[in-house]
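Reader: Hi! Could you walk me through this one while I look at it?
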Amino acid sequence: MTTIPYDPLTRYAARLHADLGDRHHVASPLGAWLLLALAAPAATGAVRDELAEVLGVDGETAAAAATALLDRPHPLVPSATAVWHRPGTDPDRLAGWWDGLPRSTATGPLPDRAGLDAWAREHTLGLVDRFPLTVSPRVLLALASALATRISWATPFDLVSGAALGPDDPHDASRPDDGPAHPPGAGHGPDQGRGPDQGRGPDQGRGPDQGRGPDQGRGPDQGRGPDQEHGSGGGWAGRLSRVLRSPEHGHRAWIAATGPAGDVAVHAAAAVERDGAGLVVLSVLADPAVPAADVLAAGYALAGAAVDGEPARRSLFDLPLGPGPLGTLREEPVRTAARGGREERHRAVLPCWSAHDEHDLTAPGLGFAAVGRALGGLLGVDVGVEARQATVAQYGRYGFEATAVTGAFALTSLPPEGVRRSAELRFGHPYAVLAVATDRRGGEPGPWHGLPVFSAWVAEPREPVDTDLVDPVESW
């Protein structure tokens with residue numbers, strides 16, 4: 001059984017997200033990594049070594065991992081890959097590489113703009129309308145990958161007031177005295193504990209700014225105002241009328257100890273499974289001062305174990321009481337059967353969010369320049385490369401959807417600078433015309449080939465007739 005290289009993907013994700021920065025965004029490092037893995041066996045020499053360094057494993061291992069994923073698609077994450085060539089490209093130069101591609105990878109002539117857009121729509125559940133690159137006469141080879149998901153939560157969120165994202169109000173008398181203890185990740189606010197129908201309306205809990213403001217959902221240190229220095233989400237609490245709260249049962253939440261990100265709050269929501277396969281969406285929150293790259297790295301480090309458990313979990317009894325950067329921790333006397341009489345309960349409050357992006361993947365270190373050199377070596381020409389990824393995601397009360405289309409074009413290099421002369425030939429005085437037959441029936445020149453059938457000397461021109469002035473018919 002092929003081992004999927006989780007650690008190499010984690011390192012590649014760190015590269016990609018570092019290039020994208022801490023602006024609000026969604027990406028699929030896996031979608032980009034898969035294309036690099038498909039191209040890696042085409043590389044030789046120094047280019048092979050460069051791709052291995054970016055991929056985190058040698059090209060053969062990466063290609064085998066990609067094949068294992070693509071040839072056994074996930075029921076909740078439809079995937080597709082394709083390699084297309086411009087007609088006229090020598091297929092013999094590509095045959096050895098093509099033979100090693102996954103069975104599920106489509107190959108064939110390069111589609112036109114409409115064909116590429118249709119491929120993107122078909123393989124993204126209709127979420128992406130346009131392929132992220134534009135076809136031109138310079139394109140020799142095109143590689144594409146698509147990943148998509150659209151799931152419903154096994155247990156939907158509850159709706160609460162947006163104020164639940166803010167710091168606790170010590171003067172709030174409406175807080176129930178018998179509510180559960182809340183950890184720093186719970187974001188417990190004045191409306192916590194109200195019924196599941198609190199504020200529920202026809203927009204299913206999506207506030208008017210849902211993920212669409214210029215800094216909605218930015219990295220942990222983005223858009224932070226002075227009201228967020230001593231609690232989680234204070235700025236967003238003032239902007240959102242309604243937010244999501246994890247239900248009493250069916251979701252998981254905990255505090256995890258990580259490396260550079262320190263303690264983080266983790267929330268896990270699971271999808272309705274299909275054929276024994278599922279999807280768990282993790283939300284990871286750190287102190288607002290922690291860089292976005294470190295929080296994302298913490299999420300990747302936790303991801304593999306978090307689908308089945310609660311890795312690096314910290315006991316709430318080892319944490320200080322009161323408000324903190326992850327929320328609020330309270331303690332109260334209860335009757336409990338918990339071991340040692342120490343009961344721990346977690347609730348999480350999160351906003352809805354959405355994102356729509358296009359990312360340039362040609363930055364140094366992301367590997368696509370090396371892919372261009374590898375494919376150029378196959379074709380025997382110098383090529384340039386274009387690579388982009390289009391992404392869409394939405395997280396809401398009832399489910400999650402996301403997709404990514406990654407495209408890479410190997411382009412003929414631009415010719416060197418020179419001088420061009422252009423001639424416009426004007427047939428403005430008498431000239432000769434010959435109608436010459438062509439005949440290549442059977443693949444060989446036939447008896448009519450090259451034979452002039454009619455000839456004329458044009459000495460009297462005329463105006464176009466009416467039939468010349470209308471749109472052409474398909475054929476005579």
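Reader: Is Asp 263 buried, exposed or partly exposed?
Author: Asp 263 is partly exposed, with a relative accessible area of 27%. By the cut-offs, buried is under 20% relative accessible area, exposed is over 50%, and partly exposed is in between, with a 1.4 Å probe and protein chains only. Keep in mind that this is a predicted model: local features need pLDDT of at least 70 and side-chain atom pairs count only at pLDDT 80 or more, while totals for chains, interfaces and linings use all residues. Residues are numbered from 1 along each chain as its sequence is written, and side-chain values use heavy atoms, with hydrogens and water left out.

Reader: Thanks! Which residue forms a salt bridge with Asp 263?
Author: That is Arg 314, and the closest N and O atoms are 2.6 Å apart. A salt bridge here is a side-chain nitrogen of Lys or Arg within 4 Å of a carboxyl oxygen of Asp or Glu. Asp 263 lies in strand β7 (residues 263-270) and Arg 314 in the loop between α8 (292-306) and β9 (322-324), so the pair ties together parts that are 51 residues apart in sequence. Helices (H or I, at least four residues) and strands (E, at least two) are DSSP runs, numbered from the N terminus. Arg 314 counts as partly exposed too, at 26% relative accessibility.

Reader: And how many salt bridges does the structure hold?
Author: There are 17. One of them pairs Glu 401 with Arg 150, with 2.9 Å between the closest N and O atoms. This pair links distant parts of the chain, as Glu 401 is in strand β14 (residues 399-412) and Arg 150 is in strand β3 (residues 139-152), 251 residues apart. Arg 150 is partly exposed, at 44% relative accessible area.

Reader: Switching topic: what is the strand order in the open sheet of 3 strands?
Author: The order is β4-β5-β11, with antiparallel pairing. At the edges stand β4 (158-161) and β11 (349-350), each with a single partner strand, so one side of each has no neighbour in the sheet. Two strands pair if DSSP finds at least two bridges between them, and 2 bridges join β5 (residues 242-245) to β11. Leu 244 stands opposite Leu 350 in β11.

Reader: Nice. Last one: how many residues of helix α2 are buried?
Author: In α2 (residues 29-39), 10 of the 11 residues are buried, so the helix is largely enclosed by the rest of the structure. Among them are Trp 33, Leu 34, Leu 35 and Leu 36.
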